[in-house]
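Me: I've got this model open and want to know what the labels rest on. Can we go through them?

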Amino acid sequence: MFEFLTQTFNASLIAVTQLFLSSVVTSNPWFEGLDLQYSGIKHEIVCSTKLADSFTETLDDVLLSGENITLHFRFELFAPGVATPIQIKEVVNGFRFDEETESYYLLNSENGELERFFTIEAAKDTYISVSNLVIVNTEGLSGEQDYFVQVTAFLDPIKLDDMSESVNLMLRWASVRPTIVSDKFRIQARAT
C-alpha cells in the first residue's frame, strides 16, 4: 500500500512539474550589435548595445508584478590570451510597474536617474538598452596591445509576495546569459 501511495505521489509530482515547466515560455535573447567608440581626447571607450528577443509573456507578467526587476549589463575588457579582465564595468537597470499610476519606472545605476514611462513598450526598450556608456578608461593601456570587449547580461531572481521561494528569472531566458564579444582592436588605431 505504501509503495502504491509513493508511486501515486511521484506521478502527481512529475505531472505538476511538467505542467509548470510547460507554462514557462522561454526566449533565447541575444545582443543586436555592439558599437564601441574610442575617444583619444577623453581616454575612454563608449559603448552602445541592445538585447533582442528578451521578452516572453511570462516575463511580461513578472514585469507587471510591481516588484523591482533588475537587469545587469557587465562589460569586460580583455587582452587576447589573458583569462582575467583588465577592466570591468557593470550597470544595473531596475524596472518597476506602479499599478496605481499606471506608470513604468526605470532606474539606471550609472546615472541614478529615475525615468517614467507611460507605455510598457517604451519602458522595455530603454530597459534592455545601453546608450553611450563609458565602459573603459584607456589611460595606461598600451597602443601596441590588442584588446576586446565582452558584454554579458543577466536578470536577478525575485521574491514575489505570494510565493515562498525566489523566482529565477534566468529560466525565462533558458538559463543562458546573453553574451557578445567585440572584434580585436588597438587603442591608437581607433583614436579620434
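This is a predicted model: local features need pLDDT of at least 70, side-chain atom pairs count only at pLDDT 80 or more; totals for chains, interfaces and linings use all residues.

Me: Why is the Phe-95 and Tyr-104 pair called tilted?

Reply: Rings of Phe, Tyr and Trp (its six-membered ring) pair if their centres lie within 6.5 Å; planes under 30 degrees apart are stacked, over 60 edge-to-face, the rest tilted. Phe-95 and Tyr-104 sit 6.2 Å centre to centre with 50° between the planes, so tilted it is.

Me: And what makes Phe-97 and Tyr-104 a tilted pair?

Reply: Here the centres are 4.8 Å apart and the planes 35° apart, so that's tilted too. Ring pairs link Phe-95, Phe-97, Tyr-104 and Tyr-127 into a cluster.

Me: Why is Lys-124 said to lie over the face of Phe-55?

Reply: The rule wants NZ of Lys or CZ of Arg within 6 Å of the ring centre and within 35 degrees of the ring normal. Lys-124 is at 4.5 Å from the centre of Phe-55, and Arg-177 lies over Phe-154 at 3.9 Å.

Me: Which residues of helix α3 are buried?

Reply: In α3 (residues 120-127), Ile-120, Ala-123, Lys-124 and Tyr-127 are buried, meaning under 20% relative accessible area with a 1.4 Å probe, protein chains only.

Methods. Residues are numbered from 1 along each chain as its sequence is written. Side-chain values use heavy atoms; hydrogens and water are left out. Buried means under 20% relative accessible area, exposed over 50%, partly exposed in between (1.4 Å probe, protein chains only). Helices (H or I, at least four residues) and strands (E, at least two) are DSSP runs, numbered from the N terminus.
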